[in-house]
Amino acid sequence: MKSVVKIESLFYKYKNTQALEDISLEIPLGATVGVIGPDGVGKSTLLALIAGVKKIQEGSLEVFEGDISLESFRQNVRSRVAYMPQGLGKNLYMSLSIYENLLFFARLFGLSKEQREKRIELLLKVTGLYEFQNRSVGKLSGGMKQKLGLCCALIHDPELLILDEPTTGVDPLSRREFWELIDKIKGVQKNMSVIVATAYMQEAQLFDYTIAMDEGKILSFTTPKELLSKTDSKDIDAAFIALLPEVKRLKHNGLQEIQKSIQKDEAIAIEARHLTMKFGDFIAVDDVSFSIKQGEIFGFLGSNGCGKTTTMKMLTGLLEPSAGEVDLFGKTIKENSLQMRKDVGYMTQSFSLYNELSILQNLRLHAELYGVASGQKEQRVEEVLERFSLKQYSTSLAGDLPLGIKQRLSLAVAVIHKPKMLILDEPTSGVDPISRDGFWQLLLDLAHNDGVTIFISTHFMNEGERCDRISLMHQGKVLASDTPDVLIASKQKENLEEAFIEYLSEAIEKKESHKGEIFALEKTSVQIQEGFLLTRFGGYAIRESLELLRDPVRLVFALLGMVILMFVMGYGISMDVEDLKFSVLDNDKSPQSREYVEFISGSRYFLEQEELQSYAQMEELMRRGEISIAIEIPPDFGRDIHKGLDVEVGAWIDGTMSFRAETIHGYLLGLHTSYLQSKLYGEAPVLVDIQMRYRYNQDFKSLYAIVPAVIPMLLIFIPSILMALSVVREKELGSITNFYATPVTRLEFMLGKQLPYVVISMVSFFGLLLLAVFVFGVPIKGDLLLLTFGAFLYVFATTGLGFLMSVFTKTQIAALGGTAIATLLPTVSFSGMQDPVSSLDGVAYFIGNIFPATYFINISRGIFSKDIGFSGHSFDLFALFLAALCIAALSLLTLKKQEQ
Amino acid sequence: MSSMYRIYKLTLKELLTLYRDKMMFFFIIYSFSFAIYLAATAGSMELRNVPIAFVDEDRSILSQRVIDAFYKPRFMTPQIIAYDQIDTLMDGGIYTFIVILPEDMQKDLSQSQTPQIQLNIDATRMSQAGIGAGYISRIISQEFARYKKTPTSQLSIELIPSYKYNPNLEGSWFGSINEVISNLMLLSILLAGAALMREREHGTIEHLLVMPLQSSEILLAKIFSTILVILFWVAFSLLVVVEGILDVPLVGSVWLFLLCGALMLFATSSIGIFMGTITSSMPQFGMMLILVVLPLMMLSGGMTPYESMPLALQYLMYLSPTTHFVELSQAILFRGAGLDVIWENLVAIFFIGMFFFAFALLTFKKSMEAQS
């Protein structure tokens, strides 16, 4: 039998955890294989390695009998493999519609226009998404997102489908529909192999083979039937536990029923009346009411996005309901006092702890902030460490912990201040069955022994069965609310899952059916074209543009921001030194001295202040910064001049800002010299006549030099930051996977991402030009076309700089900080904005010479002020071209097409 | 349990978090060490390595003397070019100044005729062109006078300039301080804003909000931690980089400066937090950052003379803490001014800080609701 995947001794290591350890595996062609196991055992890593989106560290991995570690092979095999990453809709674009998302993927695989239209229509009809195709993904329910994800994966008709937890967090009905869909597709595509990872162990029963994984190792690889019989278990959950090594298994001794030791008192802990929450026109929670008694475990069951989290946030006071009210222990939440918060422990979804703090630090911090008395603090922390078996980890960082332990820590943090009520938002998702049972044991203990009221949400149906009472939620509404037994009995089903599906189908049939039509999927042949493909490039360019257009705030910030900055800086930056505060210390007070002082102070540059009385006063005023210049006339000034003696006039200049001081000195000397000349006019010959020819800017106005230099400044900061963030954002949100998993090349990706920002920058450029000419009145004397060409090269280089920055940074904050720091100083100080580059020294001189802004400032100033044609700017243009090219080449060389 | 205690504990947490963010740490260290050195040693003194060329049609002793009077470091070694090269070289921006020494210049001078010298100036290079033109004409006149052995005037009044607080007009003195101020502002806004963003992204902000904490305590802790970290590095760069390596004598009290710095950081980090509350994503925050930081950096009097801005803009910039801070740091560090001189600036910074802090507090809770 041929194999689709062949793995030999594969290892994979993250910083300090071994994710995969010596995996060897052969998956037969055409098989459907389920990979089961809790979060963090290496499922996702394995799937990503098979899909070729993660780089192989050690071992060999063949897909379709080719070595996936070879880039050339990967590029070829892309058309046969599809990969859907973990996390609902993580590789989809929320602001784009269903159709636009599909179009993007179709383009990335190089489908022609006809192929695209045909294939998309088919897939939409199959999945029942056809009538919603113009709805934006952000507004879809979890089930619909999941179907769309599948459509995107199937767009190029793959032979191997890799799905990483496609059904996590989706309601049971959608989950069932999803597997039916896969079955349907497999019915048409008999040869298609499917590899699925899932956290719902029961789903493994649907597959041909099951791979059970734990701690980076494969526990078993067999058919589900065999797995059950081998372990002698009645369900996969139990079978999985049976497979675990003995040490782990020993801890598990099933769930112990704890009798309530506290007499159930009938006091109401939480009472919600007609809670409604609207976000815009979207109703997240619709008229929900319930009341929970003290010491009760109340469960909220439903899919992601059905309003569970929103309801919980209203209970904690994080959100104020649009309508309705909540009473906690008889007091309305609106009075949300600090005392009330002390009664509540809250555990957010995904265990948001301070990952950079240790367990002990986390516990202490929360104890301190909750106001546990300092005498009791250490004792309380100790107690909690003991009760939740966290002692051995107390000094490790929360971020380094396995999920199960993180979960225990989160609960420990939530109860550190002995709250009377706990609100737990999906506390068990992604946690292995043993940890989950252990967790429930703790909950039962808290509720039944300590009388803590627990409000818990979950999408695991078997956990719902453990609650005292539950509410079934769907799309913001409560479908039913009662004890689990009553709910199951009322629908005459065997378990809660079946009953929930029944409730769901009733609710949905009333509205609309999502069921797809009967169809015939035909084979589409997709060939991967080598080289630069316009379709793939266009895929990224069009998608990026659409996203940009749908985030008007960012667009307005970018465009309007540049205009505002141009205004402020164009008028604000000035090299003219004027209105200098000037004062005189006249120790002579003779007619001669007055004449001299009047001559000097008559200058338009100086603002004369009150006359100084003493040297000390001058010192003081200067120290206060109230005057910048002081002239000191010596005693007997007039008499000495008369006698023909040498006279020295002192000029005190504030030297703090050297540029300003030097200019002042220049003014003073000029005035002084003309005073002398005016006195001697006619008596002494003028030795030399120096004619100043101010070229390019006859009036010598600052504006003419500043405005053309502000344009290059603005065209570097905003484009480079926008660019850098747009790429790093994809890294953070996860959609970067599309670049890894599709045949799009580095060049296509880079240029596709860059194009929209180049266009925006060019639009801003023209806006700035109009502003310069018509508002500031700075004419363009040279060739506009040449300037535009220069601007194009320049924004290509500056967006490229942003792209390059994004290659090296992982978080948006780092990208923002890095880009700002890397562009601000060189542009403002080293690129000839104020001082020409030739006047710089050392490293600054070097940076100034390789920085693109230098050359565009030259071009911009040049073309604004003189008309010298192409040849006059050819050097600067060539340098810009070279800079853009080097930056692009550097980006391409360092950009990785696999996750590292 | 006092509020102070909770703020203290939260601040410790913020510091720990920051300590673990290696990338940010690197940026901070770079900005207060190498970047300061780089900016200060760039040669920010205006007349330095000025590119100048001569067209020498006289080829006399006098012309040679004039040319030799221009030397480093103020001028680059003058180049001799041909007359017909002038336009190309000026157009290409190779030289800021080209002086044409005419034929028979020396002869004319000896015969008491006034020779005409043409000084071509590239006026697009504002600062250099302005100061340089005056400078060059004085040098030429002096050489002529020396050659003729006549005093420039019979009235012997001499103007003796002395530069207070910076006798040799070292550009690196204020250049380095200005870079410290710029980076202080940029990083504190970024750090405070980012601290808020990070808690939002990791969902830990909800944790804080359900605890018995006041919003003000959460925000103050972020502000205090930013102040502590940045102030430490400001002190480092002042004492080690500026005073130690760059050898800039700081006459005033560094302690007073740091005290003012702390207040300044209160204002800027409040601005950062305020920006973090009104933007909903990092790209938006990034745009806003540039929009705010750039004018503050360029127009607060640190880079260009404040007095020559349009009056309306001067008033507007008075609302920026940076303007006051630039003023007071010049006063303290170079002029040795004390609290009696700078108290007005200090009060202004305090009120600006309070204003933004109050606003941030107001928008904080609202923004938390809006994002869910």
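Predicted model: local features only at pLDDT ≥ 70, side-chain atom pairs only at ≥ 80, totals over all residues.

Tutor: Residues are numbered from 1 along each chain as its sequence is written, with chains lettered from A and ligands numbered from 1 in the order in which they are written.

Student: Why is strand β7 of chain A largely enclosed by the rest of the structure?

Tutor: A residue is buried if 20 or more other C-beta atoms, placed from the backbone, lie within 10 Å of its own. Strands (E, at least two residues) and helices (H or I, at least four) are DSSP runs, numbered from the N terminus. Five of the five residues of β7(A), residues 160–164, are buried, so the strand is largely enclosed. Leu160(A), Ile162(A) and Asp164(A) cover one side, and Leu161(A) and Leu163(A) the other.

Student: Which strand pairs with β7(A) over five bridges?

Tutor: Strands pair if DSSP finds at least two bridges between them. The partner is β8(A), residues 193–198, in the parallel sense. There, Val194(A) is the bridge partner of Leu161(A). Strand β6(A), residues 81–84, also pairs with β7(A) in the parallel sense, over four bridges.

Student: How many residues does each chain bring to the contact?

Tutor: Residues are in contact if their C-beta atoms, placed from the backbone, lie within 7 Å. Chain A brings 126 residues and chain B 123. Helix α24(A), residues 658–680, gives the most to the chain A side, with 15 residues.

Notes:
Buried ≥ 20, exposed ≤ 12 C-beta atoms within 10 Å, placed from the backbone. Contact = placed C-beta atoms within 7 Å.
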